[in-house]
Every structure is written in structure tokens, then in C-alpha cells.
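This report describes selected features of one protein chain. The sequence and structure are shown first, followed by notes arranged by topic.

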Amino acid sequence: MKMMKLIFAGCLLASAPLSLRAQDANPPAAPVTNQLFSTAATSPRAEWQRRLTLGPGDVLNISLYEKPDSAKTDVPIGPDGRITFLQAEDVVATGLTIDELREALDQKLGEFYGSPRTIITPATYRSKKYYLLGSVTRKGVYPLNRPTTMIEAIAQAGGLETGMFEQNTVELADLSHSFMIRNGKRLAVDFEQLFQRGDLSQNIALEPDDYVFFASAAANQIFVVGAVGGTGVVPYTPNASLISAIMSSV
């Protein structure tokens, strides 16, 4: 539960700090698709990258070896996780790797061709995604079509939401109450350390179906009441003081 700050006749309670702007770490966008297979990364690939499976929404280019007339481009994996190529109809693709799907198609097409050799190349990956919600500029579901860190994900979403207070730009995210969920469990990611202190050990790589929520700092408010020139509610800022809060309420 978020703490509320109260000034009564000149008493100001402590509050949680806001963050630095995530937009300051805005790396250039990288090309899509086959970077999931890249071996040039500085850190070891995650398990989901080492065994990259297919899913609904992925699009493939498929052909038979030495049969150019058989080529089919932009073949989608349907919502039911199945794919159709030539006489191989409704072949389950979800959960399979490219090599495993190739073997399944070879087996099915073997009923119609002599020793078929299926060639599959990925066109677009859309089945892997992550969720970024809360106090970010562009909330939504994002495709995980390349290795993506926390900083990169927030930069792609336009950074954290900001607002104006006393002619200064302040962020509207409460990092102390923001969180990340993976496989139904909350991860120990310290967003304050990452965005306020530049601790890159907290800049973890995202995985499929990760859920990241940045809590709103709207409830981080200062209530000014009592024997003062004006009473009311003013937003909290990291440099808030008793005098600045009272003057803001006048």
C-alpha cells in the first residue's frame, strides 16, 4: 500500500523517491527476426533462446529441396498452432523447433513424395511477447523478436510517464512499488537501483510472457492542512521540503 505524506501545522512525513528518466538510456533499435539465433551476444543465451520453439502468429517460408515450384512464402501458424504445406495438412507446429517441424513435415509428405527434404526459414516471429503496463508512455503487448533488456523494453515504450510540477518535469512512476512477474512469480528486480543509481546488474533480459508493471506515483501526495496560508494536496518530488510544500498549496 502506498504511503501518504501529511503536513499538519508544519510537519512533513517521509516519502519514497521518484526515478530518473528511463529515456536517458535509449539504445538504437536493432533489426527484427533472426537475432534470436545470434551467437554474438555478450551474455549466455537463455533456455528459451537455445531451444526456440514456434507458436501461433509465427510466419514461415517453406519449400521442398530441388522442387522450386513447391515454394510457399509467408505461411502462418494458425491460432490453433497448426500449419498446412502442400499435402501435409494441419500439422502441429506449436512447441516445435524449426528442425522438429521439418522432420514432422518430411514424415507427412513422405506419403506423397519419395524422400522429401523440407526447407524452412522463419519470416517473422510473433508468438513470443512480453507485457509492459502502468506508468509507461506506450502501454501494451510487445513482440519479443530479439534479445531485449529491461532498459531497452522501456525505451521502446517511450520511457516512463512524466508530468510537470513547479515548471519541472517529474516522472509519474513509483519505482519502489513497481514489479515484474515471470512464470507466476515475482522477480527480485530493483527498479530504483537500475534507474536511479545505474546498477546494470538489475538490467535483466526479458523472456516470453514476462509481465512488467510500473506503479503510479499519483498517490505519493503531500496533504497540507492546519494553520497555513492555504490547504490542499500537492504532488511529492524528491526535493520536497516543508516550505516548498506550504508555498505550493497557497
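## Aromatic pairs

The count of aromatic pairs comes to 5, taking ring centres within 6.5 Å as the rule. Phe-179 and Phe-213 form a tilted aromatic pair, with 5.5 Å from centre to centre and 35° between the planes. Because Phe-179 lies in strand β11 and Phe-213 in strand β13, this pair ties together parts that are 34 residues apart in sequence. The model is predicted.

Both rings of this pair have some accessible area. Phe-179 counts as partly exposed, at 22% relative accessibility, and Phe-213 also counts as partly exposed, at 26%. Phe-179 and Phe-213 belong with Tyr-211 to one aromatic cluster.

## The chain overall

The secondary structure of the protein chain comes to 5 helices and 15 strands. Of the 250 residues in the chain, 38% are buried. Among contacts between residues at least 6 apart in sequence, 56% join residues that are at least 24 apart.

## The sheet around β13

An open sheet is formed by 5 strands in the order β8-β7-β13-β11-β12, with mixed pairing. Strands β8 (140-143) and β12 (185-186) stand at the edges and have a single partner strand each, so one side of each is left without a neighbour in the sheet. Strands of a sheet pair through backbone hydrogen bonds, in either the parallel or the antiparallel sense.

Within this sheet, β7 (residues 129-134) pairs with β13 in the parallel sense over 4 bridges, and Tyr-131 stands opposite Tyr-211 of β13. Strands β11 and β13 run antiparallel and are joined by 3 bridges. Ile-181 stands opposite Tyr-211 in β13, while Met-180 stands opposite Val-212.

## Faces of β11 and β13

Side chains alternate along β11. Strand β13 has a covered face with Val-212 and Phe-214, and an uncovered face with Tyr-211 and Phe-213.

## The β11-β12 hairpin

Strand β11 (residues 179-182) pairs with β12 in the antiparallel sense over 2 bridges. Arg-182 has Lys-185 as its bridge partner in β12. The two strands form a hairpin with 2 residues between them. In the turn, Asn-183 has a positive phi of about 55°.

Asp-210 is placed in the loop between α4 (191-197) and β13 (211-214). Is this residue buried or exposed? The relative accessible area of Asp-210 is 0%, so the residue is buried.

The side chains of Asp-210 and Arg-182 are joined by a polar contact of 2.7 Å. Leaving aside neighbours within four places in sequence, Asp-210 is in contact with Lys-129, Tyr-130, Tyr-131, Met-180, Ile-181, Arg-182 and Ala-205. Among these contacts, Met-180, Ile-181 and Arg-182 fall within the residue range of β11, and Lys-129, Tyr-130 and Tyr-131 fall within that of β7.

## Helix α2

Helix α2 (residues 98-109) has 12 residues. From its first C-alpha to its last, α2 reaches 16 Å, close to the 16 Å expected at 1.5 Å a residue.

The buried residues of α2 are Ile-98, Leu-101, Leu-105 and Leu-109. These residues cover an arc of only 65° around the axis, which puts them on the same side of α2. They pack against the strands β2 (59-64), β4 (82-85), β5 (88-92) and β6 (118-124). Turned away from this buried side is a face of α2 that carries the exposed residues Glu-103 and Gln-107.

Methods: Residues are numbered from 1 along each chain as its sequence is written. This is a predicted model: local features need pLDDT of at least 70, side-chain atom pairs count only at pLDDT 80 or more; totals for chains, interfaces and linings use all residues. Side-chain values use heavy atoms; hydrogens and water are left out. Two strands pair if DSSP finds at least two bridges between them. Buried means under 20% relative accessible area, exposed over 50%, partly exposed in between (1.4 Å probe, protein chains only). A polar contact is a pair of N or O atoms within 3.5 Å; within protein, one must be able to donate a hydrogen and the other to accept it, and residues adjacent in sequence count only if both atoms are side-chain atoms. Contact means heavy atoms within 4.5 Å. The expected span of a helix is 1.5 Å times one less than its number of residues. The arc is that of the directions from the helix axis to the C-beta atoms. Rings of Phe, Tyr and Trp (its six-membered ring) pair if their centres lie within 6.5 Å; planes under 30 degrees apart count as stacked, over 60 as edge-to-face and the rest as tilted.
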